[in-house]
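Below is a briefing on a structure, grouped by topic.

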Amino acid sequence: MTRRLNNKLLLAFMLIAFGAGLFKAFNLHPSKSFQPPAQGVEKNSAAIFQSSFVSSKQNVQTHASSVIELKDGRLRAFWFSGSREGAGDVEIHSAVFDPARGQWSTEQAVVSREDTQRSLMRYVKKLGNPVPARAADGTLWLYYVTVSMGGWAGSSITAITSADEGETWSPARRLITSPFLNISTLLKGAPISYSDGTMGLPVYHEFISKFGELLHLDASGRVLDKQRLTAGGNGALQPVMLVKNPTDALVLMRYAGPDAPHRAISVATRDAGQHWTAPAKSALLNPDSALAALVLPDGRMLAVLNNIEQQRDALSLMVSADGGVSWKTVYPLEDQLAERKQPLDNAHFDKILQGLVKDTDASAANVGSYVASTRRTMCGEQPCHFEFSYPYMIQARNGDIHLVYTWNRSFIKHVRFDQAWLDRHLEKMP
Amino acid sequence: MMAFTDMTGLAGSVIVIAAVAARLPVAARLHRPYFSLLLGVVAIAAMIPFGDLPLAAYVRGIIGDLSIVSLVLLLQSMTRPLCGWPRPDVQSRVALLALVALGAVALYPMALGAGLFDPYRLGYGSPWLVGALLLIALAAYFRRMVLVAFCLTLAVLAWVAGWYESTNLWDYLLDPLLAIYATGALVAHGARRLRT
């Protein structure tokens, strides 16, 4: 009698649970169209091209910067900073740029490893790449990489939110995106929006094999879906999405594979991500390094990357007028290729650095300390060398383009240019 | 204030730590009241912070949140000596472990990059996955494999309720530690059958 009752209760329990499960499953409807970014184009008479350092802290290693426009038109940048990449003292730092004054605020720590693990109620070993996002309700999100065990292949994504444009932040929340101990989801590229207010976050996987993925998140940051952009083994990672219109997008990815030619990998969709083309090598050279790209309002595409097959000592601004099929260099942002010919001694390295610091920020008062700080990072076990890497690029609502990138692993550099400057350089091109 | 999903996640880690303690040779020699006391003390100790975090949070940092199926099996193994319950029927237990092992073989290699298809994606609300689990649970129910039907049902219910941070149904059904245990237990079961 009791057993029969227990069986009936179990059957009722099953029907309720699976009924609710099916109801939930049928009510999760991922968006079917992209929301291209809204961009205004301000026709400035003056062609603006400015550069400055975003970070100011000396004698640290900085990397993986990103930037977002605030509601009042200012910019907020994020990057990680600490004694060395992967160290336990690495924190996510932030500074705010006022376009009217052309100046960055003093950098501040946003979140530390200790803050994160206390919020997550999990041990956290180190922090990595931060990427900001704007939710449909206006909340500012910051997604960043955290590792509890192992190297970067053991990463997970953590998120914090701010209702006051980054002045204060919520406790951290963990995104669960992988079935294998939730490891190996990292991010680098800028998020995209869908027409229903949800968000797409380009991410990538590194454990055992490397591949690009696209996370689909709702306005409260819950993971709705995860889509693979390339199969493992293609060496494609750090996807950057170029949304052309509600259905068409191109994804460019860093190529970490061994096979020449070393070129960025591309995949495309014509149905808002329902299907993706097979990965192909694009026309962009890529020395296993991150790239940044965006679509201009007129449909042309801009990319910033190390347009070389080895090392990261040159960084170029490129343009494509044919949807990403062919690319031309618009402007060499950094170029130290000539210094590859012979090993750099400290004195020569310092001299070049002094020039680069002054080129970046003519008003920099303490050039010597910038040089010393950079030499500490770039001249060690290896001979002195240059690195300009991990670009992140956005277009502000007024049409200005803002680029931030790692400058010799010691500082974060900001480059701002407007449509008039860009048009002037595009006119000069053959 | 601690989030609900942190409480449930930490509770899972506490259960793991208590289950490890229950497997210590010294625990096997204890009488029932002292065994209960040991589990209680270990559970409380796992929640006491040292440094920034309690031991349970360090464990959680490494193993993540355990699947519901793991929790059921761990709780069952710990409470059986306390309550004097009989062992679950072998057929039901072997069927559950076989399902876990099959699920792990189907999920992990592809989720880690073998090919373009990612079965983990189905866990974000595919009616096909929920429907398939319903069929398996019903088949188990009518074959009187109560443990299988109960575990699958509880996992689906926990997913619907948002018991953990994960929004993916697979995380409620499987975890790598459970997959390793299931494989080992099935091999041991097969070896025993061969010997007899």
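Of the 196 residues in chain B, 42% are buried, where buried stands for 20 or more other C-beta atoms within 10 Å of the residue's own, with C-beta atoms placed from the backbone. The model is predicted: local features need pLDDT of at least 70 and side-chain atom pairs count only at pLDDT 80 or more, while totals for chains, interfaces and linings use all residues. Residues are numbered from 1 along each chain as its sequence is written, and chains are lettered from A and ligands numbered from 1 in the order in which they are written.

**Fold of chain B**

- Chain B has 10 helices and two strands, taken as DSSP runs numbered from the N terminus (helices H or I, at least four residues; strands E, at least two).
- The order of elements from the N terminus is α-α-α-β-β-α-α-α-α-α-α-α.
- A compact globule of 196 residues would have a radius of gyration near 16 Å, and the 18 Å of chain B agrees with this; the radius is taken over C-alpha atoms, and the globule rule is 2.2 Å times the number of residues to the power 0.38.
- Along the principal axes, the C-alpha atoms of chain B fill a box of roughly 50 × 45 × 30 Å.

**Domains of chain B**

- The domain assignment, which is automatic or from a database, gives domain 1 (1-65) and domain 2 (67-196).
- The C-alpha centres of domain 1 and domain 2 of chain B are 22 Å apart.
- Domain 1 of chain B puts 16 residues into the contact and domain 2 of chain B puts in 14, a contact being C-beta atoms, placed from the backbone, within 7 Å.
- On the domain 1 side, α1(B) gives the largest share, nine residues.

**Helices α6 and α8 of chain B**

- The axes of α6 (residues 90-111) and α8 (residues 146-161) of chain B come within 7 Å and cross at roughly 45°; axes are lines fitted to C-alpha atoms, for helices over the stretch in contact, and angles run from 0 to 180 degrees between N-to-C directions.
- α6(B) and α8(B) are therefore oblique to each other (under 35 degrees is roughly parallel, over 145 roughly antiparallel, 65 to 115 roughly perpendicular, the rest oblique).
- Residues of this contact include B:Leu96 and B:Leu99 of α6(B) and B:Val148 and B:Cys151 of α8(B).

**Chain A with chain B**

- The contact takes 44 residues from chain A and 48 from chain B.
- α1(A) gives the most to the chain A side, with 12 residues.

Note on methods. Two residues are in contact if their C-beta atoms, placed from the backbone, lie within 7 Å. A residue is buried if 20 or more other C-beta atoms lie within 10 Å of its own, exposed if 12 or fewer, and partly exposed in between; C-beta atoms are placed from the backbone.
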